[in-house]
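The points run from the overall fold to single residues.

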Amino acid sequence: MTTNAELLERHRSVLPSWLALYHDPPISFDRGQGRHIYDVEGNRYLDFFGGILTTSLGYDIPEITKAVQEQAPKTFHTSTLYLSECMIELAELIADLSGIPDAKVFFTTSGTEANDAALMLTTVARKSNQILAMRNSYHGRSFTTIAITGHGSWSPTSISGMSVNYVHGGYRLRSPFRDLDDESYTNACVEDLRQVFDMMTSGDVAAMIAEPIQGVGGFATPPDGFFGAIKKELDNRGVLFISDEVQTGWGRTGENFWGYQAHGITPDVMTFAKGVANGLSLGGLVASAELMDSLPGNSISTFGGNPVSSVGALATIRYMLEHDIQGRSLRMGNRLADHLRPVVDASEVVVELRGKGLMLALETVQVGTIEPNPAAAIQIMEEARAAGLLIGKGGLYGNVLRIAPPMTVTEEEIDEAGTTLVNIIERLG
Ligand SMILES: Cc1ncc(COP(=O)(O)O)c(C=O)c1O
């Protein structure tokens, strides 16, 4: 039997040292079933992170497996040089769901590439290299998307061909505006945005990109309506708004199908990836036909919208719609929050429970302060793992726990995970 330890040694010798690994010691998974996943040594875990919110419906979902099995013997690949019925059907479905009028869809293989394409589209359309991004954001690992990622710990370089200004967003706990109520907080951020326009740009900004709830940033959640107020300022100046729905899409936030819908707006561009195909490699962006078609020059995407990922995405999205996965996210997310709220209120180490639906986070601090406490986050994560529960980590200082199970999660599984976490936090104090 291959062991986790053997794989770690081989991994370290041949893969980059900067490829982050969870857990000490790290784990290698062999197979999954429902919301459970088994490592190569046969240990079973309840998975409340779903491979970074990507296994959106769980493991071995018969409808998705069947769709992939039927496609696999036909062809894995044709490229965007040829017509593909499953890609067209998927584009029709996503265009319809997007809420963007007269929408067109371009498929990529990842969220990074989707955001890169959104930057290309908006900067070319507006003939400007000026972009606004949010502090504490994460939009991908490539050269362009690192330039719009407001997160020192994920940024290997500041070199960029874009001129980027970072504005205040949804991370309230460490904001200078943290003591304000929702409305005043939003107004303060809008006022700051006006100053950025007037003081730090030459006016002709191409676009703002934002995550409705910041994923890697630790599920930082702005007040509802926040982006509505921000977008008024953008609209006054003709600046396009890109909603990065890579983590918040497909009903994950419970109240809405897309994160942007909590803000009473329609974005000009929307990007998606992760959960769209329950783990198959697919991303993309949606924009109005007028904007999408405005890009001059030919383009291709060799792997974007490939047949295997497309049929998997079609099966995933249809399952989501047929089983009211959004409604389930709301109910199960509320149930988990009900478990956690009393212990968080009593805790001196876990200072905040935040997020929406099945996108919940716990932030850990040093007692009596808001100084980050990454050691406590690691302790909670490792004790959960020892109890057979996997959760994620994030936040600027690595002191936020991210909880985001596959959206098919059951009441029993929520109660099991809730009890495990409550016991750990109670012991921690
Ligand atoms: C909000 C957001 N956008 C973009 C990305 C990049 O996606 P990918 O890792 O598929 O390139 C991520 C990845 O975590 C993300 O969370």
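1. For the charge count, Lys and Arg are taken as positive and Asp and Glu as negative, while His and the chain ends are left out. Each charge is placed at NZ of Lys, CZ of Arg, CG of Asp or CD of Glu. On that basis the mean positions of the 32 positive and 51 negative charges of the protein are 2 Å apart.

2. Some ground rules. This is a predicted model, in which local features need pLDDT of at least 70 and side-chain atom pairs count only at pLDDT 80 or more, whereas totals for chains, interfaces and linings use all residues. Residues are numbered from 1 along each chain as its sequence is written, and side-chain values use heavy atoms, with hydrogens and water left out.

3. The protein has 13 helices and 15 strands; these are DSSP runs numbered from the N terminus, helices being H or I of at least four residues and strands E of at least two. The radius of gyration is 21 Å, close to the 22 Å given by the globule rule for 429 residues, so the protein is as compact as a globular protein of that length. The radius is taken over C-alpha atoms, and the rule is 2.2 Å times the number of residues to the power 0.38. Along the principal axes, the C-alpha trace spans about 60 × 55 × 45 Å.

4. Of the 429 residues, 56% count as buried. Buried means under 20% relative accessible area, exposed means over 50%, and partly exposed is in between (1.4 Å probe, protein chains only). The protein exposes about 18400 Å², of which carbon and sulfur atoms supply 52%; areas come from the Shrake-Rupley method with a 1.4 Å probe.

5. Contact means heavy atoms within 4.5 Å. Among contacts between residues at least 6 apart in sequence, 73% join residues at least 24 apart.

6. An automatic or database domain assignment sets the bounds: domain 1 covers 4-61 + 324-428 and domain 2 covers 75-322. Their C-alpha centres lie 25 Å apart, and 41 residues of domain 1 are in contact with 37 residues of domain 2.

7. The peptide bond from D24 to P25 is cis, with omega near 0°, and P25 sits in the loop between α1 (4-14) and β1 (29-33). L53, in helix α2 (residues 50-53), has phi near 60°, a positive value in a residue other than glycine. S79 is not a glycine either, yet has a positive phi of about 85°; the loop between α3 (62-71) and α4 (85-98) holds S79. L53 counts as buried at 3% relative accessibility, and S79 is buried at 17%.

8. Is E245 buried or exposed? E245 is buried, with a relative accessible area of 0%, and belongs to the loop between β8 (240-244) and β9 (269-272). Beyond neighbours within four places in sequence, E245 is in contact with P212, W258, G259, Y260, M270, T271 and F272. From E245 to G305 is 60 residues in sequence and 18 Å in space, C-alpha to C-alpha.

9. E383 lies in helix α12 (residues 374-386) and counts as partly exposed at 25% relative accessibility. Setting aside neighbours within four places in sequence, E383 is in contact with I424 and R427. P73 is 310 residues from E383 in sequence and 43 Å away in space, C-alpha to C-alpha.
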